[in-house]
Amino acid sequence: MTETDAFAADLLRGNTDTIVLGVLRRADNYGFEIHKTIREAAGGDHEIKEATLYATYRRLEKDGLVESYWGDESQGGRRKYYRITDAGRAVYRARVSAWVATRRIIDTLLDVKDQ
Amino acid sequence: MNTDIHRLLDDAFAGVDMTPDARDLKEEVRANLMARAAELESAGTAPAAAARRAIEELGPIAHLLDDAPASGVRTANPATPSIAELHTRNKVRPKPGFVVRTTLLSLVAAGALTLATLAALDVIDGGASAVFVAGLAAAVTLGVITGDSLRQETTTNHALPTGRAVGYGAATFALVSALAAFGAFAVDTEAVALAIAGGALLLASIGLFSWLGATQTNRHKAWVRTDLRVLTRFETDEAAAARFGIYSGVIWIAGIGAAIGLAIAFAWWWALVVLGVCIVITMLILATMLFGSAKPNN
């Protein structure tokens, strides 16, 4: 992995909680589909590791930002679904506005011209 | 079905202490691995290779069980800050604009309610229409105050999403305007339309409140959830919750019986007095039982 890749991966990893909340905001979902959504959005280059995601679910659940429930028995296993709570939505919105504000600052400081 | 997954998963969990937490995690991982293996297989990978690759992508299981469990066992930490310290650290000050807005709207609501009551008691002129219009003004202001308050972040709660806050505001509006319509109907019993409107608004309010209540999820901040268990006594003390349910049932069955009896024997408004008393008693019992001193068990 090049230094640039590591930088991009760090940025992505630093926002895992918010990214997962963003995915769950659309609909309740389970681990595999959440991972897949992120993998596809990242274009396969800088994906978030599955193990990181399991740690994220546990942290989010402990903080009351998501709730989990077991789905119906499917082929070979029961899926654990996650649902975003109202608290999770509030945190998501606050983080998104913080992100938008910070992005503007960094763009200005790094002298990024709009593409 | 890819059976290799189960064998590889058992291998991965070999030597792990199977606590309920670890067992849950294993089941969760199993379903996700099955889905991932199925995806790889449909892309042309052989079943055995698909299972191996899915497990490899997962990484070491021990790492997943490293961090604190999602629920249950919390190791005692002597340096745990007190509730007062946590409260200070997490304090959120109300926005000045919100405070001013709420104060002014409360004054308007109080004024409108006073006018409605005076008109209903025939102290001031205006009759049924004055009662209804003043009641409607109170309903609008109380609805706005409710929605606005729920939109605010507080020290213990996150802000409610706009849609749900508006929903609670609308339900409050419907409830208070239903009362206004019934009040106006009591003044002028010829105006049947008012009674019908009141009934429709009351049903709408009950429906909306029920839906919002049934779909409500947690709003408490993490520090409240982990350290202020005392605040939610009914969650920890099921006997207290059951007692509260029985008390409420008895109060309301007796109250509704008495209300019907008194309304038939004397005058209809006795029913309102009795129901008002029932609400007060229920609230007092709720206050003493929910926030009362919890038994010092752990």
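User: What does the secondary structure of chain A come to, in helices and strands?
Analyst: Happy to walk through this one. This is a predicted model, in which local features need pLDDT of at least 70, side-chain atom pairs count only at pLDDT 80 or more, and totals for chains, interfaces and linings use all residues. Residues are numbered from 1 along each chain as its sequence is written, chains are lettered from A and ligands numbered from 1 in the order in which they are written, and side-chain values use heavy atoms, with hydrogens and water left out. With helices (H or I, at least four residues) and strands (E, at least two) taken as DSSP runs numbered from the N terminus, chain A comes to 5 helices and 3 strands.

User: How many residues does the contact take from chain A and from chain B?
Analyst: Contact here means heavy atoms within 4.5 Å. By that rule, chain A gives 34 residues and chain B gives 37 residues.

User: Which three residues supply more of the area that chain A buries against chain B than any other three?
Analyst: Buried area is the accessible area (1.4 Å probe) that two parts lose on being put together, summed over both. Chain A and chain B bury about 3000 Å² between them, 54% of it on carbon and sulfur atoms. The trio supplying 26% of chain A's share is Tyr54(A), Arg58(A) and Asp86(A).

User: Which side chain meets Asp86(A) in a salt bridge?
Analyst: A salt bridge is a side-chain nitrogen of Lys or Arg within 4 Å of a carboxyl oxygen of Asp or Glu. The rule finds 5 salt bridges across the interface of chain A and chain B. For Asp86(A), at 3.3 Å from N to O, the partner is Arg164(B).

User: Is Leu175(B) buried, exposed or partly exposed?
Analyst: Leu175(B) lies in helix H8 of chain B. Leaving aside neighbours within four places in sequence, Leu175(B) is in contact with Leu202(B), Ser205(B) and Phe209(B). Buried means under 20% relative accessible area and exposed over 50%, with partly exposed in between (1.4 Å probe, protein chains only). Because its relative accessibility is 33%, Leu175(B) counts as partly exposed.

User: How far apart in space are Leu175(B) and Phe209(B), C-alpha to C-alpha?
Analyst: Leu175(B) and Phe209(B) are in contact. They are 34 residues apart in sequence, and their C-alpha to C-alpha distance is 9.6 Å.
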